[in-house]
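Here's a quick tour for anyone opening this structure for the first time. Have a look at it, then read on.

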Amino acid sequence: MTQSIISVRNVTKRYPGGLEALSGISINIEPGEFVFLTGHSGAGKSTLVRLLAAIERPSSGSVLVAGQNVSALSPRGIPFLRRNLGLIFQDQKLLLDRSVFDNVMLPLIVTGQPYRDSMRRARAALDKVGLLDREKAKPIALSGGEQQRLCIARAVVNRPSILIADEPTASLDTEYAQTITEMFHSFNQVGVTVLIATHDRERLERGRVITLSHGRITP
Amino acid sequence: MIAWLRHHWQSLQYALGRFAETPFASCANIVVVGVVLALPLGAYALLSNLQFHAGSLPTEPQISIFLSTAPGRADVASLEARLRNAEGVRSVRFVPKDTALASLRRLPGLSDVIASLRENPLPDAFVVTLTSSDADVSVRLETQFRGLPGVGTVQVDSEWVRRIESLMRIARSAVLMLSLLLGLALVAVTFNTIRLQVLTQREEIEVSKLVGATDAFVRRPFFYQGVALGVAGGAIALCIVQGAMLVFKADLALLGPIFGILPVLRLLALPDSLSFLLFAGILGWLGTYLSVSRHLHTHGSL
């Protein structure tokens, strides 16, 4: 059997109305890999990310993440799957009425970590992305790049084994996008499996590239 | 276990924090619940007071027999023996007219009237206590006693007690129905409050779920909020009712000497108050449960 940390087998995702976002794709990702998922917009990248995070379920086929069959996971099991994942969303999903620090604290509070320990870990995560001096600010006061780094801090604060990012550099200028990508590489170097969905073909270096086109994998 | 306790503590703080964020709206909600709950609680307090007073009334059926003429000592003895021997009689007490007048004189307001009388207008009387409150028995004895020599008026005294009791039974049912209806209203108020809160908190719920929050985690603060709403509203209702009773008590104390009665208005006791608060909390929980199971899945599920 495979030792893949992410295993997508013959997955099709059809939306009501007949749109087929993914057509029978299979992907295996080994632990510690760095993978770019690329393709034109509408190729199915975001759909695949949502399937991996159990936000949606495949119409057919199976999705295995960290040994769990996501496509057959009971609603009770979903939170525990997500605690193994660091998720970074295209629309960021930051809580705008909470401070930067509280946003990073959320995954720790949700999992019931001791408060003092959580504070230490949240500060460490903010330090790693260079936002420690902005911890009291509201996300709205941050620049686009800083907001993206805040998302990364929130995604890694729980020390996930897999980091999945959907278009993390889409709204950033080239220099900033490079910094963000470097950050992902540094997490990868300490053993985190990284999957980045991006339409930006310029920075596909130092990693495996999987290209999607119209819901299928192109070689 | 520690994590679980910690989370309960955080949820409580969080729920109180939400209260504090919108103090005016929260207070308005609590007052609505308080007023809604004050109605059945007040009715209950009134009823339990009436019941207390009704309980101190003689519930054993009695027949008063007033004699038409002033009897001799021997007549009294023979009449008493005949009454005592009648079937269904528990005890017989002779009340001479002087004793009756003396007890009337003790009532405030009447002593002046009595002093102005030249002679005692009251008849001698027997008070007969019956063994059963069966209406047939009292009717049979009433006719039997009326036929005895020297007897003027016969009066069955316990009728009105029984009437009060049946009225109280109706009142109890009415209070119960009122409580059910307004309890329903409390559930509905909580339901809506929590629904609005879920809508306000939608983003936060979504993000929490994305970073691995369980349903129980997401629901818990809402439960604290709903129960707090019920209990706080219940506390307001208690204050309203107890306050109103204190006002009434002062008024009754003024009325007392005028009507020659000594009314005792009892406030709600501690066990009653505590079980009322518990009940309000349970209703709040129920409203939250209904709301959360309905709305978290339509708005927060991913």
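What share of the 302 residues in chain B is buried? The figure is 25%. Bear in mind that this is a predicted model. Let's take the two chains in turn, then see where they touch.

**Chain B: overall build**
- Chain B splits into domain 1, made of residues 2–56 + 162–299, and domain 2, covering 62–157.
- The C-alpha centres of those two domains of chain B sit 53 Å apart.
- For 302 residues, a compact globule would come out with a radius of gyration near 19 Å, but chain B has 31 Å.

**Chain B: helices, strands and contacts**
- There are ten helices and four strands in chain B.
- Going along the sequence, the pattern in chain B reads α-α-β-α-β-α-α-β-α-β-α-α-α-α.
- Take the contacts in chain B between residues at least 6 apart in sequence: 87% of them join residues at least 24 apart.

**Chain A: overall build**
- Chain A has 219 residues, and 42% of them count as buried.
- A compact globule of 219 residues would have a radius of gyration near 17 Å, and chain A agrees with that at 17 Å.
- Along its principal axes, the C-alpha trace of chain A spans about 45 × 40 × 35 Å.
- Chain A carries six helices and ten strands.
- Of the contacts in chain A with a separation of 6 or more, 70% are down to residues 24 or more positions apart.

**Chain A: a pair of helices**
- Helix 3 (residues 100–110) and helix 5 (residues 144–156) of chain A have axes that come within 7 Å and cross at roughly 30 degrees.
- Angles under 35 degrees count as roughly parallel, so that is how helix 3 and helix 5 of chain A run relative to each other.
- Their crossing is right-handed.
- On the helix 3 side of chain A, the contact is made by Val100(A), Asn103(A), Val104(A), Leu106(A) and Pro107(A).
- Helix 5 of chain A brings Leu150(A), Ala153(A) and Arg154(A) to that contact.

**Where the chains meet**
- The contact between the chains takes 15 residues from chain B and 13 residues from chain A.
- On the chain B side, helix 1 (2–21) and helix 8 (202–210) each supply at least two residues.
- Helix 8 of chain B gives the most to that side, with five residues.

Definitions and conventions. Residues numbered from 1 in each chain as written. Chains lettered and ligands numbered in written order. Predicted model: local features only at pLDDT ≥ 70, side-chain atom pairs only at ≥ 80, totals over all residues. Domains from an automatic or database assignment. Rg over C-alpha atoms; globule rule 2.2 N^0.38 Å. Buried ≥ 20, exposed ≤ 12 C-beta atoms within 10 Å, placed from the backbone. Contact = placed C-beta atoms within 7 Å. Axes fitted to C-alpha atoms, helices over the stretch in contact; angles between N-to-C directions. Parallel < 35°, antiparallel > 145°, perpendicular 65-115°, else oblique. Left-handed = near helix turned anticlockwise from the far one by under 90°.
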